[in-house]
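Welcome! Please take a moment to look at the sequence and the 3D view before reading on.

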Amino acid sequence: MFLTEGVLLRQMQTDSLLNQYDLIVVDEVHERHVFTDFLLGILKCLVKQRQDLKIILMSATINIDLFSNYF
């Protein structure tokens, strides 16, 4: 399922653990947007609560150290 960051954030209003997803791919993470930054903060907290959830961050110009240290 392909969703925008905003739609995924709205889904969290009814399912705060995003139980319907096992994997979330966030593309173009180097493009700093309010929704993307907010979503990454929530996903960081969420992976601590859900050990089964996998997060994949994608970008053509990603700073790997920055994002791996964050998560």
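What radius of gyration does the protein chain have, and how does that value fit a compact globule with 71 residues? The model shown here is predicted, and the protein chain in it has a radius of gyration of 12 Å. A compact globule with 71 residues would have a value near 11 Å, so the protein chain agrees with that expectation. Along the principal axes, its C-alpha atoms fill a box of roughly 35 × 25 × 20 Å.

Now to the build of the chain. There are three helices and two strands, and from the N terminus on they follow the order α-β-α-β-α.

How much of the chain is buried? Buried residues make up 28% of the 71 residues. The accessible surface comes to about 5,100 Å², and carbon and sulfur atoms hold 57% of that area.

Finally, a word on confidence. The mean pLDDT of the protein chain is 89, and 100% of the residues reach 70 or more. The table shows the elements with the lowest and the highest mean pLDDT.

| Element | Residues | Mean pLDDT |
|---|---|---|
| Helix α3 | residues 64–70 | 80 (lowest) |
| Strand β1 | residues 23–27 | 92 (highest) |

Technical notes:
Residues are numbered from 1 along each chain as its sequence is written. This is a predicted model: local features need pLDDT of at least 70, side-chain atom pairs count only at pLDDT 80 or more; totals for chains, interfaces and linings use all residues. Side-chain values use heavy atoms; hydrogens and water are left out. Helices (H or I, at least four residues) and strands (E, at least two) are DSSP runs, numbered from the N terminus. The radius of gyration is taken over C-alpha atoms; the globule rule is 2.2 Å times the number of residues to the power 0.38. Buried means under 20% relative accessible area, exposed over 50%, partly exposed in between (1.4 Å probe, protein chains only). Accessible areas come from the Shrake-Rupley method with a 1.4 Å probe; for residues, only the protein chains shown count as cover. pLDDT is the predictor's confidence in each residue, from 0 to 100.
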